[in-house]
Amino acid sequence: MPTSVKSERATRRVLSDVYVWTGAVLFAFGAGAAYLAIGFDPSSRTFPLVVSIIMMLAGGGVFLQALSSHEHRPLPLHEFGTIGLAVIAIVLWGLGLAFGLGFLLSTIALMMAMLWLSGLRTPLRALVISSVIAAVAYGLFVMVLNVHLPPSFLSFIAPGL
């Protein structure tokens, strides 16, 4: 078999590996988040910048490990619809934060969407689990880490709510 055919096959194999793409996407999102975090005020910048750098390092590690691995894990093409819906949910979460819906309500909606996409179809159970996750995240960010959350129409109750 000619070398060019082997090379082309190897390239296709690498480009269809789920971990190559996972690493690349994590790195890209981490780089974008780091770029945005640099523009934050000094008191709010540290935590998102550290998390985004960790995301970049993790993505780079996953990418490099996938390139050096001899095991091929094909992309789950049948799941791209679910992945697309998850991306849409995350974008809507960000828009909710940007337009004043607040951290708590936006995060509850995001968690409910993610639980639904993961197969949990009981609305009350999803609401309870999502509320607990959002409340713990809110307490961690606001009370423990002192992160300033975007303002919301409910800020008169608690900051960033």
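The protein chain has six helices and zero strands, and the structure shown here is a predicted model. Read from the N terminus on, the elements of the protein chain follow the order α-α-α-α-α-α. The radius of gyration of the protein chain is 20 Å, well over the 15 Å that the globule rule gives for 161 residues, so the chain is more spread out than a compact globule.

**Overall shape and surface**

- Taken along the principal axes, the C-alpha atoms of the protein chain fill a box of roughly 70 × 40 × 25 Å.
- Of the 161 residues in the protein chain, 25% are buried.
- The protein chain exposes about 10,700 Å², and carbon and sulfur atoms supply 75% of this area.

- The domain assignment of the protein chain gives domain 1, covering 1-75, and domain 2, covering 77-160.
- The centres of domain 1 and domain 2, taken over C-alpha atoms, are separated by 25 Å, and the contact takes four residues from domain 1 and six residues from domain 2.
- When contacts in the protein chain are counted between residues at least 6 apart in sequence, 62% of them join residues at least 24 apart.

**Leucine 120, a loop residue**

- Leucine 120 lies in the loop between helix H5, which spans 103-117, and helix H6, which spans 123-144.
- The relative accessible area of leucine 120 is 19%, and because buried means under 20%, leucine 120 counts as buried.
- Once its neighbours within four places in sequence are left aside, leucine 120 is in contact with Leu115, Arg125, Ala126 and Ile129.
- Leucine 120 and valine 147 are 27 residues apart in sequence, and their C-alpha atoms are 31 Å apart in space.

**Serine 130, a helix residue**

- Serine 130 has its place in helix H6, and with a relative accessibility of 0% it counts as buried.
- Leaving aside its neighbours within four places in sequence, serine 130 is in contact with Ile108, Met111, Met112 and Leu115.

Key
Residues are numbered from 1 along each chain as its sequence is written. This is a predicted model: local features need pLDDT of at least 70, side-chain atom pairs count only at pLDDT 80 or more; totals for chains, interfaces and linings use all residues. Side-chain values use heavy atoms; hydrogens and water are left out. Helices (H or I, at least four residues) and strands (E, at least two) are DSSP runs, numbered from the N terminus. The radius of gyration is taken over C-alpha atoms; the globule rule is 2.2 Å times the number of residues to the power 0.38. Buried means under 20% relative accessible area, exposed over 50%, partly exposed in between (1.4 Å probe, protein chains only). Contact means heavy atoms within 4.5 Å. Accessible areas come from the Shrake-Rupley method with a 1.4 Å probe; for residues, only the protein chains shown count as cover. Domain bounds come from an automatic or database domain assignment.
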